[in-house]
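Subject: Structure handover

Hi,

Here is the structure I promised to pass on. Have a look at it in your viewer first, then read on for my notes.

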Amino acid sequence: MTDNSTSLQPLTGSVGVSLSGIDLTTDITAAEADALRSALFNHCVLILRGQLLEPDDHMRLAEVFGEPFLPWYYAKNSLEGFPKIAIVPNFGKAKAPAEAWHTDWSHMSTPPAVSVARAHVLPETGGDTMFSNQYVAYERLSDGMKEFLAGRRAKFVGSRPKAVQKMAGTSDTLPKAEREPVINHHPLARVHPGTGRTALYLNRPGEAMVAIEGMTEAESLPILRFLYEQSSTPDNVYRHQWQPGDVICWDNRCAMHYGVHDYGDAERTLHRITVGGAE
Ligand SMILES: [Fe+2]
């Protein structure tokens, strides 16, 4: 129990927790906000079930974790009247950017802190989301590897999606700076401000995370691939089967996630708010 009204149920031995006893369609008390933050920061993924939220309720919940943020190039994919709520549809199996272990938007100067997604339309079967605990991924490394990682930053790369570029015209008409890949460097091992624990910060090696600062890509990639592969072994993963009314909060500072695309062209739409990021 976190206080008199809420209760926590861990979902695996390593990652994820379900919190019940909060009605998110009304104001969130200070004690409830503390319980939500504590549950998320400590367990990396927080599941809230049976929450039939309106967009205003979704915004109120997200604001518990920080300032909502949506880059300009996603604005056309936002919910009418709610420019910070992104509509995430089924892009199709061939364009399933989430079907790999990843963290969202790691190329940004300040990558997102927390994502808050709710089910809008779910396929009849499939469409699970998996999560891994990056505190655990760090803690089980050897002392030698932890020493190697101390203070080391990696080069993270991203590009604004081509389809989104088209919203502003063809990519040729965009300013040059908007067409070029976005590059930022971040520590591979970061201290979470809410818990003081160190977590690995990773993304897809050779694509979104390409080198360790001061080293060549050829030198870096075996290390980056090792860190990435060992971080999401089955004993460090929670797999969520979405149900109507589910809200999932994940902490990009201590979790990676993976969208399983086993639902073909069936409709699957989430509404997602991202907090704490900056380009
Ligand atoms: Fe994602």
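Below is what turned up, starting with the metal site. Keep in mind that this is a predicted model.

**Iron site**

Which residues hold the iron ion? The protein donors are His102 and His257, each through NE2, and Asp104 through OD, lying 2.2 Å from the metal. Written as a sequence pattern, the donor spacing is H-x1-D-x152-H. That brings distant parts of the chain together: His102 belongs to the loop between strand 5 (82–88) and strand 6 (114–121), whereas His257 sits in strand 15 (residues 255–259), 155 residues apart. Are the two histidines buried or exposed? The cut-off for buried is under 20% relative accessible area. His102 comes out at 7%, so it is buried, and His257 at 5% is buried as well.

**Aromatic pairs**

How many aromatic pairs does a search of the whole structure find? It finds four, and I'll go through two of them here.

One is Trp101 with Tyr258: the ring centres are 5.5 Å apart and the planes are at 65°, so this pair is edge-to-face. It also links distant parts of the chain, with Trp101 in the loop between strand 5 and strand 6 and Tyr258 in strand 15, 157 residues apart. Trp101 is buried, with 12% relative accessible area.

Another is Phe156 with Tyr201, where the centres are 5.3 Å apart and the planes are at 55°, so the pair counts as tilted. Phe156 lies in strand 8 (residues 153–158) and Tyr201 in the loop between strand 11 (198–200) and strand 12 (209–212), so the contact ties together parts that are 45 residues apart in sequence.

**Strand 6 and its partners**

Strand 6 is mostly covered, with six of its eight residues buried. Which strands does it pair with? With strand 14 (residues 247–251) it pairs in the antiparallel sense over five bridges, and Val114 has Asp251 of strand 14 as its bridge partner. With strand 16 the pairing is also antiparallel, this time over seven bridges, and there Val116 stands opposite Ile273.

Strand 16 covers residues 269–275 and contains Arg272. Arg272 has a relative accessibility of 16%, so despite its charged side chain it counts as buried.

Strand 1 (residues 7–10) and strand 2 (residues 17–20) are antiparallel partners over four bridges, and Pro10 stands opposite Val17. The two strands form a hairpin with six residues between them, and Gly16 in the turn has a positive phi of about 95°.

Further along, helix 2 (residues 55–62) is mostly covered, six of its eight residues being buried. The buried ones are Pro55, Asp57, His58, Met59, Leu61 and Ala62.

**Backbone angles to look at**

Most residues other than glycine have a negative phi. Here are two non-glycine residues that go the other way. Cys44 has a phi near 75°; Cys44 is in the loop between helix 1 (30–43) and strand 3 (45–48) and is buried at 0% relative accessibility. Trp105 has a positive phi of about 55°. Trp105 is in the loop between strand 5 and strand 6, the loop that also holds His102, and at 10% relative accessibility Trp105 is buried too.

**A pocket**

What lines the second largest pocket? Its lining is made up of Leu122, Pro123, Glu124, Thr125, Gly126, Asp128, Gln241, Trp242 and Gln243. By class that gives three nonpolar, four polar and two charged residues. The volume of this pocket is about 150 Å³.

That's the lot from my side.

Cheers

Terms used
Residues are numbered from 1 along each chain as its sequence is written. This is a predicted model: local features need pLDDT of at least 70, side-chain atom pairs count only at pLDDT 80 or more; totals for chains, interfaces and linings use all residues. Side-chain values use heavy atoms; hydrogens and water are left out. Donors are N, O and S atoms within 2.8 Å of the metal (3.2 Å for Na, K and Ca); water is not among the atoms, so sites may look incomplete. Buried means under 20% relative accessible area, exposed over 50%, partly exposed in between (1.4 Å probe, protein chains only). Two strands pair if DSSP finds at least two bridges between them. On a 1 Å grid over the protein atoms alone, a cavity is a set of points where a 1.4 Å probe fits but cannot get out, and a pocket is an open set with protein on both sides within 12 Å along at least five of seven lines; lining residues have an atom within 4 Å of a point. Grid points are joined across faces, edges and corners, and a volume is the space filled by probe spheres set on the points. Rings of Phe, Tyr and Trp (its six-membered ring) pair if their centres lie within 6.5 Å; planes under 30 degrees apart count as stacked, over 60 as edge-to-face and the rest as tilted.
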